[in-house]
Amino acid sequence: MKLRTVLSELPIRGFDVADDAQLGWDMVVSPEWGAGERAEGVIRLGSRADLAQEGAPGHDEGLLLVYAQGGEGDAVGEDAAAAREPGVVYCWGDLAPIEFRGAFLGLVQRSGELGARRNQLFDCFLESYDIRQFAQRAAAVLENPVIISNTEHKILATAGTLPTSEDVRSVLEAGYITPEVERRLRDDGVISSVRSARHSVLSERAGEKDRAVTSIIYHHRLEMGRFDVFEVTHAMTGLDLELIDFASDLAGIMIERLGAAGGRLGKGSSILKDVLEGTFVSEDALQAHLDLLGLAADDTYVLLNVCGPADANEEYYARAGAIVQRSMPGVVWCVTGGALVLLVAVGPAGDVGFDAYERCERRISRDRGLTQMLANNDMRAYSSEPFGDLLGMRRALRESRELCAAVRPHAGTRVVYLWRHRFEVIAHNAELAGAQDMLLDKRVVAMDAYDRVHGTAYLQTAVASVRFPGSPADAAEALSVHRNTYFYRVNKIDELFHLDLKDGDDRLAVSFAAAIMEGLSDMP
């Protein structure tokens, strides 16, 4: 039983310790009054007379709890400002010493109950395979409902019959601790009190009738989330607070094991992963998460699907994600589908047109941390189309994956943009569907076949005509032929293949079919 629990369970009006750190010490309550063998980790009850006769316990002789009926002066003595003996805890209250002794000795039995319930919580931890199951079993031991959330304010698990207050209802509907609820907790000083004390705090939240215990989940000194317990079916005491702290520690181990702490701890964004995997579709929750990371609602985003060596596993990509997060501001990441996925903010629109392609390429090319990480680890990033609708991320992920499947990039290419390889993706998807023939104008196909058999360059000439409209000189120069040769070929194209390069529809047929055929030939 923690010393703070001992003091919270006793009918006292105040206490004084030599060092606040002692409040976190684990103590065994001794049934002896005054006299008795001193032992480390034991707390026994005494009076000022006992202290005067025996002296203060040494550093390895446990603690002596000195009680006096009355005020602080009666317990501590006249010189309240004098230095305290490290082995002595003073307390004072209204009960007569003999009655207080009964209350103190009653803690012997309660400490046994506490130990038994701690063992039950540990068994819950050992027998649970995920955080939801642990929450359900822990709520049964704590005899009150619980909510477990991670560092991104995402709800990882709930258990028990939760209160129907507006705050709790809004959290359950959203699937995350809403900004309004978080703001109220900060304004009430609840979160700062818990962080400062490093243990759970029982509070009555502003505007809510239910009392609740808030505990910060830590693991290896890192904050992993929150463990909130609501006083619904069982009145909570200091013993319950200690149990909640223990349950919170166990939850930290489980969250770390499951990698569910969130991006703030280098584990990737659990909310982004939920959206991409289709298990979480609240735009408000996603926007609140982005607000938490300082990303604007009116930004344009692009999704990058980062692929590495064939033997790369989830741990490999998680390390890569942590590297990107440290070096690249305005990025959210997770590992899903055997790849690292980055959500990159490229800023709001700069004009009435669509400049997102340019902004995206400029944004990514300037991030030396990302490009260096890709080059150093033989990785490539495949982009989606830029988008503004956050719930369009699943479509964007599909686009980036299709780009990865369709394009065989050059050796030095580390970032592959969809808008530069659109026709390869269309060709790849058409071939998968067995519909590539529908995309091709057969006159252009016949022209390509004729060139292959006769060694001519009619298709190349037709494409140059499209790319240099109204500029025969430039088209001829690009083909490295005389203008007369260029005009001869254009006329032959009309004669042989029935394609009039002065007609807009025929020019479109040449451009589109040539791009699709190039995409088909370049596919992996």
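Leaving aside neighbours within four places in sequence, which residues is Ser465 in contact with?

## Ser465 in helix H19

Ser465 is in contact with Tyr486, Leu501 and Arg507, its neighbours within four places in sequence being left aside; contact means heavy atoms within 4.5 Å. The residue belongs to helix H19, which spans residues 458–467. Helices are DSSP runs (H or I, at least four residues), numbered from the N terminus. Ser465 counts as buried because its relative accessibility is 6%; buried means under 20% relative accessible area, with a 1.4 Å probe and protein chains only.

## Basis of the model

This is a predicted model, in which local features need pLDDT of at least 70 and side-chain atom pairs count only at pLDDT 80 or more, while totals for chains, interfaces and linings use all residues. Residues are numbered from 1 along each chain as its sequence is written, and side-chain values use heavy atoms, with hydrogens and water left out.

## Helix H8

In helix H8 (residues 190–197), the buried residues are Val190, Ile191 and Val194. They lie on the same side of H8, because the arc they cover around the axis is only 95°; this arc is that of the directions from the helix axis to the C-beta atoms. Arg198 follows H8 and has a positive phi, near 65°.

## Helices H12 and H14

Helix H12 (residues 314–327) and helix H14 (residues 368–376) have axes that come within 8 Å and cross at roughly 155°. Axes are lines fitted to C-alpha atoms, for helices over the stretch in contact, and angles run from 0 to 180 degrees between N-to-C directions. H12 and H14 are therefore roughly antiparallel, a term for angles over 145 degrees.

Ala320, Ile323, Val324 and Ser327 in H12 meet Gly369, Leu370 and Met373 in H14.

How values were computed:
Helix = DSSP H or I, 4+ residues; strand = E, 2+ residues; numbered from the N terminus. Buried < 20%, exposed > 50% of the residue type's maximum accessible area, 1.4 Å probe, protein only. Parallel < 35°, antiparallel > 145°, perpendicular 65-115°, else oblique.
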